[in-house]
Amino acid sequence: MSMPLLEVEDLRVAFPGRDGPVEVVRGASFSLGRERLGIVGESGSGKSLTGRSILRLLRPPGKVSVGRMQFDGQDLTTLSERRMRALRGARISMVMQDPKFSLNPVMTVGDQIAEALTLHDRGSTRRQRRQHVIEMLDKVRINDPDRVAALYPHEVSGGMGQRVMIAMMLIPEPDLLIADEPTSALDVSVQASVMDLIDTLIRENGMGLILISHDLGLVSRYCDRILVMNAGKVVEECAAGALDQAVHPYTRGLLAAVPQMNETRPFLPVLDRTAWEGT
Amino acid sequence: MSAIALVNLTIGYGGDPVVHDLTLDVAGGESFALVGESGSGKSTVLKAIAGLAPDWHGTIEVLGTARGRRPDRAFAQHCQMVFQDPYGSLHPRKTIDDTLSEPLAIHGLSNRAERVVDMLRAVGLDQRFRFRFPHQLSGGQRQRVAIARALMLEPRVLLLDEPTSALDVSVQAEILNLLKRLRTEQKLTYLLVTHNLHVVAFLCDRLAVMRHGRMVELASVETLKSGQFQHPYARELYAASGGPSTEAASALR
């Protein structure tokens, strides 16, 4: 493998609690090339915080400490806020869970995508940007992009909103895309098409992807490598195809707890949480 | 006798109808699922049966009694509903004990304390939760409370609106197991709304696939397990849900 795109060592996130700080991410380490990495875990496992800390999007009182965090040779921990801003969106971008809350409600879809472009590419003219936006909307398979560009977020459906988000995130041609539960707010039939779209664009542009999800099936379908997180720690790392050989009891428990389409078990096995947590 | 019988049911919210001409028959003791995308009208059907969407015409019969458009105490005793979001469906300033006693008070039933204790046990909640508030409980525990509340009046029909979609997979497994066990123990009839076909395969006997307010296919769970749907939309939904089993899951077999 060539030089890794992103390296994270010993990432820790803490929030103040009644009895001193509570560590929510407890020493996560991983590296990523131009590949598709999945992070799975249940709510509270720290997977989303891990994604956000990479972009330094955590606000106080949340505290991030990290042994080493390098992106493409740059040290993300010491970068000034100004340089960091130039990096966000342009080099690393993020797709959030719900398009309803992450799009600006008072700006048309076209203007929002153009804004992403303006911020990182000041040289282009208005007309060029407009052209670029329409091309991008076409790329995320929106029929009639001219019409959609003039719509406001409340006028588009959930699936279309998420496509708009993806268009906005990919238009500055970043090297790394962090997708935090990109399809959880969408219907199953739309989910597959949005994931296929992300997958195609990632491959075409040779980007890296971090897919954060609670859905083991989704992650194993769309990633090369999987990290399983539980209670702030990476408990298992494996190739997506080898998920069946997962050894950690938590991973095995999660796999077994998912009901199957051709279900024959009278009852589903339930995680015994006492087995690996200190609580 | 069928537990739920819907005949030519059309439901709206004041404007154009959202559900058109639905005819459906759920047998006593059966677990029946309505599946489809958001906007397909599946939840609206449940709301109409529960009396939360009064703008309908056609016939709604539960356990042989026709439902009127007004709140109906006798009806509520036989038919209760569990909602999707356990974070939003419990009163934040009432203790679990208050929440569970309220239906008993409304219906003038005695032995309240005893019934609450029994019900907590039935849904697998420790007695120490009895005097806690909803915010002190996890999502799975809250959904157990919501199920307990629905069962307080010992209804025979339970309407379940996406009972596990707000929960993590491991918690989902616990709630699904609970629903399955309660159904056998109390001989309940379920009408379940979900978009998750895997849940249907685990919990249900039959399912109806809905789209744009109409039922496009009525199938047995065997059809679901083998994927032998007739209607193209039902097949599409099946394929989008990952077919017979996802890679991750088949790996375990």
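Predicted model: local features only at pLDDT ≥ 70, side-chain atom pairs only at ≥ 80, totals over all residues.
Asn111(B) belongs to the loop that links helix H3 (96-106) to helix H4 (112-122) of chain B. Although Asn111(B) is not a glycine, its phi is positive, at about 60 degrees.

A positive phi is also found at Glu154(B), a residue other than glycine, where the value is near 50 degrees. Glu154(B) is placed in the loop between helix H5 (139-151) and strand S7 (157-161) of chain B. Because 13 C-beta neighbours lie inside 10 Å, Glu154(B) counts as partly exposed.

Chain B as a whole contains 10 helices and 10 strands. Its C-alpha trace spans about 50 × 50 × 35 Å along the principal axes. Of the 253 residues of chain B, 46% count as buried. When contacts in chain B between residues at least 6 apart in sequence are considered, 66% join residues at least 24 apart.

The contact between the two chains draws 31 residues from chain B and 29 residues from chain A. On the side of chain B that touches chain A, the elements giving two or more residues are helix H6 (169-186), helix H7 (197-203), helix H9 (232-240) and helix H10 (247-250). H6(B) provides the largest share of this side, with 7 residues. By class, the side of chain B that touches chain A comprises 14 nonpolar, 10 polar and 7 charged residues.

Within chain A, helix H4 (residues 109-120) packs with helix H5 (residues 126-139) at an angle of about 115 degrees, and the two axes are 9 Å apart. H4(A) and H5(A) are therefore roughly perpendicular to each other, and their crossing is right-handed. H4(A) contributes Gly110(A), Ile113(A), Ala114(A), Leu117(A) and Thr118(A) to the contact, while H5(A) contributes Arg129(A), Arg130(A), His132(A), Val133(A) and Met136(A). The residues of this contact divide into 5 nonpolar, 3 polar and 2 charged.

Arg130(A), one of the contact residues of H5(A), is 58 residues from Asp72(A) in sequence and 30 Å from Asp72(A) in space, C-alpha to C-alpha. Asp72(A) is situated in the loop between S4 and strand S5 (74-75) of chain A. With 16 C-beta neighbours inside 10 Å, Asp72(A) counts as partly exposed. When residues up to four places away in sequence are not counted, Asp72(A) touches Leu5(A) and Asp175(A).

Pro60(A) and Pro61(A) are joined by a cis peptide bond, for which omega is about 10 degrees.

Conventions
Residues numbered from 1 in each chain as written. Chains lettered and ligands numbered in written order. Helix = DSSP H or I, 4+ residues; strand = E, 2+ residues; numbered from the N terminus. Buried ≥ 20, exposed ≤ 12 C-beta atoms within 10 Å, placed from the backbone. Contact = placed C-beta atoms within 7 Å. Axes fitted to C-alpha atoms, helices over the stretch in contact; angles between N-to-C directions. Parallel < 35°, antiparallel > 145°, perpendicular 65-115°, else oblique. Left-handed = near helix turned anticlockwise from the far one by under 90°. Nonpolar A, V, L, I, M, F, W, Y, C, P; charged D, E, K, R; others polar.
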